Amino acid sequence: MSIIRVSNLSKTYASGFSALKSVDLEIRRGEIFALLGPNGAGKTTLISIICGLVNPTSGSVLADGHDIIKEYRAARARIGLVPQELTTDAFETVWATVSFSRGLFGLPRNPAHVERVLKDLSLWDKRDNRIMTLSGGMKRRVLIAKALAHEPQILFLDEPTAGVDVELRQDMWKLVRRLRDDGVTIILTTHYIEEAEEMADRIGVISKGEIILVEDKAELMRKLGKKQLSLSLQEPLAAVPEGLAAYDLALAAEGEELVYTYDTKAERTGITALLQDLATAGIRFRDLRTSQSSLEDIFVSLVRERH
């Protein structure tokens, strides 16, 4: 069941720059969806349109069944947004700021909910502090608290851990998992691909304003993940012997290492045959190790293919 449905969405700015090109995207209720893409790929534009902050040139967005333009208030009430920039009212206290955010959506006061949000984000002992006195990390916690004040069903985190300390990052992921367990759908954009690898259920990759791939994380890793076998040689090689050409080996570390890339899904990896052929060719190795491509490797190769 989709909670967000983006159909044929495009955005062209007055300058003629095309930030989004016919984007179609469905986000499932209750999932953690990571949107990956290089700077300028269109991540923030897409989020801004879904959240009703920027008008699309064409196309439509439904948030929990409500059209983001025709039913703006109903759609927006279901969405919480944690923006990248630290923009907070410096003279207000933490408690007043978070409570006010709730009131903006026409919801009655609920001190118990505000208290729970502040405690979840380790802000409770700072509730009477003015925001101007807080550190950058604490200000970011306040932004998250503001986004959660009206109990949204959809939470957008735009680069949530850019420049934050490790402790806040871990607190944030704990909170994200708990929110998902409570049924909240979470969409995050991130530069830290290891975060997406750890947290996301599904991953979308955006490049030059187009969604180039949407896939379950496990399936993506299975489909595009490659394993490498690296052999440390006893004697360096100037070139890969012709008799081993079929293996598509690469030389590394100035000829002291042979790298064999194989498909983890194939029935036969070819490693046994390779080791026999190496012995026949008189190539001895001191050590061998295997490594598997990370989501980052996959992401970089996907984006590179499109450029």
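**Figure 1. Contacts across the whole chain.** Take the contacts in the protein chain between residues at least 6 apart in sequence: 69% of them join residues at least 24 apart. The model shown here is a predicted one. Its protein chain has 10 helices and 14 strands, and buried residues make up 44% of the 307 residues. The accessible surface of the chain comes to about 15700 Å², and carbon and sulfur atoms account for 48% of that area.

**Figure 2. A look at helix α6.** Helix α6 covers residues 166-181. How far apart should the ends of these 16 residues be? At 1.5 Å a residue, the helix should span 22 Å, and its end C-alpha atoms are 23 Å apart, so the two values agree. Now look for the buried residues of α6: they are Leu168, Arg169, Asp171, Met172, Trp173, Leu175, Val176 and Leu179. What do they pack against? Their partners include the strands β3 (32-36), β7 (154-158) and β8 (185-189), along with the helices α4 (111-120), α5 (136-148) and α7 (193-199). After α6 comes Gly183, with a positive phi near 100°.

Figure 3. The largest nonpolar core has 42 residues. Which residues have the most contacts inside this core? They are Leu155 and Ile186. Helix α5 gives the core its largest share, 7 residues. A second core is separate and has 26 residues, among them Ile49, Ile68, Ala75 and Ile154.

**Figure 4. The neighbours of Ile186.** Leave aside residues up to four places away in sequence, and Ile186 touches Glu31, Ile32, Phe33, Leu155, Leu157, Val176, Leu179 and Arg180.

Figure 5. Most residues other than glycine have a negative phi. Asn8 has a positive one, near 50°, and Asn8 lies in strand β1 (residues 2-12). Is Asn8 buried or partly exposed? Its relative accessible area is 45%, so Asn8 is partly exposed, since that label runs from the 20% limit for buried to the 50% limit for exposed. Ser22 is not a glycine either, yet its phi is positive, about 45°. Ser22 sits in strand β2 (residues 18-28), and at 45% relative accessibility, Ser22 also counts as partly exposed.

Key
Residues are numbered from 1 along each chain as its sequence is written. This is a predicted model: local features need pLDDT of at least 70, side-chain atom pairs count only at pLDDT 80 or more; totals for chains, interfaces and linings use all residues. Side-chain values use heavy atoms; hydrogens and water are left out. Helices (H or I, at least four residues) and strands (E, at least two) are DSSP runs, numbered from the N terminus. The expected span of a helix is 1.5 Å times one less than its number of residues. Buried means under 20% relative accessible area, exposed over 50%, partly exposed in between (1.4 Å probe, protein chains only). Contact means heavy atoms within 4.5 Å. Accessible areas come from the Shrake-Rupley method with a 1.4 Å probe; for residues, only the protein chains shown count as cover. A nonpolar core is a set of buried Ala, Val, Leu, Ile, Met, Phe, Trp, Tyr and Cys residues joined through side-chain atoms within 4.5 Å.
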